[in-house]
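Hi everyone, thanks for making the time today. Let me put the structure up on the screen, and then we can walk through it together.

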Amino acid sequence: MSGTEQQALADALSAEYATIYAYGLVASHAGADQRGTVAQFTAAHRARRDATVDILSGRRGTVPAPDAAYTMPLAVSDPDTAAQLAIAVETDTAVAWRTVVERAETDNTRRIAIEALTETAGRRAVWQSLRGADPATTAFPGRP
């Protein structure tokens, strides 16, 4: 694995760490009707984090450790701002996985990155839909 692919995977892992942290804030302010969604999406990000750690470890890459805390792009005080934060972190995660797609050197890495990008774009669309966005999707997910 080249340094470029390794760095892209490490950056995607860091995005997953930040997203998992953010979902803790989302969970604390989500409405009762959103709690199941939050739990499901948090579990998905944890699974993606673990899989990415395994990939980097298996290729003898450097596995970055999570930060103790993360600065959030907005304050969360109610279910609406919680949904906004979820949209923001899903967007950031999509950008990170799109970078892996672009820098992947093997079909396997590219496939994994496309799956991750697709999943995070789908989660973002759910949050957008819950906030009443029309359309809820983005034409090119992960595009900065």
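Let's begin with Pro64, which, leaving aside its neighbours within four places in sequence, is in contact with Ala10, Leu13, Ser14, Tyr17 and Leu56. Please keep in mind that this is a predicted model. Pro64 itself sits in the loop between helix 2 and helix 3.

Now, how far apart are Pro64 and Thr81 in sequence and in space? They are 17 residues apart in sequence, and from C-alpha to C-alpha they are 29 Å apart in space.

So let's move over to Thr81, which belongs to helix 3. Is Thr81 buried or exposed? Its relative accessibility is 15%, and because buried means under 20%, Thr81 counts as buried. Its side chain reaches the backbone nitrogen of Ser77 at 2.8 Å. If we again set aside neighbours within four places in sequence, Thr81 is in contact with Leu74, Ala75 and Val76.

Staying with helix 3, have a look at how helix 1 lies against it. The axes of helix 1 and helix 3 come within 9 Å and cross at roughly 170°. Angles over 145 degrees count as roughly antiparallel, so helix 1 is roughly antiparallel to helix 3. In the contact of helix 1 with helix 3, the residues divide into 16 nonpolar, five polar and five charged.

Next up is helix 2, residues 35-58. Which residues of helix 2 are buried? They are Thr37, Val38, Phe41, Thr42, His45, Arg48, Thr52, Ile55 and Leu56. You'll remember Leu56 from the contacts of Pro64. What covers the buried residues of helix 2 includes helix 1 (3-29), helix 3 (79-103) and helix 4 (107-130). Just after helix 2, Arg60 takes a positive phi of about 60°.

Last stop, helix 4. Helix 4 has 24 residues and reaches 35 Å from its first C-alpha to its last, close to the 34 Å expected at 1.5 Å a residue. Its buried residues include Ile112, Ala116, Leu117 and Trp127, and also Arg123 and Arg124. And what covers the buried residues of helix 4? The cover includes helix 1, helix 2 and helix 3. Just after helix 4, Gly132 takes a positive phi of about 85°.

Conventions: Residues numbered from 1 in each chain as written. Predicted model: local features only at pLDDT ≥ 70, side-chain atom pairs only at ≥ 80, totals over all residues. Heavy atoms only, no water. Helix = DSSP H or I, 4+ residues; strand = E, 2+ residues; numbered from the N terminus. Expected span 1.5 Å × (residues − 1). Buried < 20%, exposed > 50% of the residue type's maximum accessible area, 1.4 Å probe, protein only. Contact = heavy atoms within 4.5 Å. Polar contact = N/O pair within 3.5 Å; in protein donor to acceptor, adjacent residues only side chain to side chain. Axes fitted to C-alpha atoms, helices over the stretch in contact; angles between N-to-C directions. Parallel < 35°, antiparallel > 145°, perpendicular 65-115°, else oblique. Nonpolar A, V, L, I, M, F, W, Y, C, P; charged D, E, K, R; others polar.
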